[in-house]
Amino acid sequence: MTVVPRSILRVLKGETMSPPPLWLMRQAGRYLPEYRETRAKAGSFLDLCYNPDLATEVTLQPIRRYGFDAAILFSDILVIPDALKRNVTFTEGHGPQMTPIAVEEIKALEALPIFPHLDPVIEAVRRIRSGLPSETTLLGFCGAPWTVATYMIAGHGTPDQAPARLFAYRHRQEFLTLLDILADLSADYLSAQIEAGADAVQIFDSWAGVLGEEDFEDFCVRPMRRIINALKRRHPETPIIAFAKGAGTLLKDYRRKTGADAIGLDWTVPLSFARDLQKEGPVQGNLDPMRVVAGGEALTEGIDRILDALAHGPLIFNLGHGITPQAKPETVTELVARVRGGAPR
């Protein structure tokens, strides 16, 4: 089945399409042999992110192979702290690491520009848009302030983001200032991506699920709304997808409170709850990435359940988080065929 021109944009405006358009988080990644080959040429992971030619190549690879309805810029959520001179590095087997930020350093971030450091990323957006089929949507993205801040405070990833939570309890006003600074920089960064050719953007709040209700409002909803308000003033026609992983029932009023056009859903969100969220607008998700690793009946069953529950409304089919390196390319081929060939019952 051929790709319908900019079908994702049509869904983001509230249209129901059958079959639904699809793309996969981390669709350009280590499960693809062509990605691994390009990655080996780049040097470090950040060198790949900052090389417009190579970043364009890996972004286009899954489009060539699968014909997804959207490409998403190949980059990382931590390029903003890297631009803020936090010495970000990626070590195999250890994930991202950086210099932890101290309370007294936060205010000084206001004076630090993120451009021209991020100019190569914006150039990659231009080249990707030029290299994409005209019918394919280009998604820009950034990390949400809460999620980015968790790495800046701990200096690395942690299972429950306890360092950031403790920091916020001890230095709440300074922490809120950090979130505001990151929100404003994120809005500038996304705006530059849109001006370079991104059709829509997604904001990843990957660690939203570790927060209680009050902190979710202050640390996730509030800065997300700040970003979206700024973007809507500058680019009122550009749709925004907000993905708050693990937020569960806190997603109930998330769209209204943040102003997001669509809500990304992780795989733990019950489909009955997802249907309620869909009554208010488009949703995206939410296949468990492990079903793609398992393949076979587990994959088919998971896809069919989502289509049965959500394909009668505005839906972008996706995973509930990023595809894992253990997934086989041929299984993704099966996923694409099932989504495009299936229909809700």
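Begin by selecting Ser 186, which touches Ile 80, Cys 142, Gly 143 and Ile 227, residues up to four places away in sequence not being counted; contact here means heavy atoms within 4.5 Å. This is a predicted model, in which local features need pLDDT of at least 70 and side-chain atom pairs count only at pLDDT 80 or more, while totals for chains, interfaces and linings use all residues. Residues are numbered from 1 along each chain as its sequence is written, and side-chain values use heavy atoms, with hydrogens and water left out.

Ser 186 belongs to helix α9 (residues 172-196); helices (H or I, at least four residues) and strands (E, at least two) are DSSP runs, numbered from the N terminus. With a relative accessible area of 2%, Ser 186 is buried, where buried means under 20%, exposed over 50% and partly exposed in between (1.4 Å probe, protein chains only).

Next, select Cys 142, one of the contacts of Ser 186. Cys 142 is part of strand β4 (residues 137-143). Is Cys 142 buried or exposed? Its relative accessible area is 2%, so Cys 142 is buried. Leaving out residues up to four places away in sequence, Cys 142 touches Ile 77, Ser 186, Tyr 189, Leu 190, Gln 202, Ile 203 and Phe 204.

Now move to Phe 204, one of the residues in contact with Cys 142. Phe 204 is buried, with a relative accessible area of 11%. Phe 243 is buried, at a relative accessible area of 0%.

Return to helix α9 and display helix α6 (residues 119-131) beside it. How do the axes of α6 and α9 cross? They come within 8 Å and cross at roughly 30 degrees; the axes are lines fitted to C-alpha atoms, for helices over the stretch in contact, and angles run from 0 to 180 degrees between N-to-C directions. The two helices α6 and α9 are therefore roughly parallel to each other, given that angles under 35 degrees count as roughly parallel, over 145 as roughly antiparallel, 65 to 115 as roughly perpendicular and the rest as oblique. To see where they meet, select Val 121, Ile 122, Val 125 and Arg 126 in α6 together with Tyr 189, Ala 192, Gln 193 and Ala 196 in α9.

Proceed to helix α8 (residues 162-170), whose buried residues are Ala 164, Phe 167 and Ala 168. Viewed down the axis of α8, these fall within an arc of 100 degrees, so they line one face of the helix; the arc is that of the directions from the helix axis to the C-beta atoms. The buried residues of α8 pack against α7 (145-154), α9 and α10 (213-234). On the other side of α8, Tyr 169 and Arg 170 are exposed.

Finally, select Thr 238, in the loop between α10 and β6 (240-244). Thr 238 is buried, with a relative accessible area of 11%.
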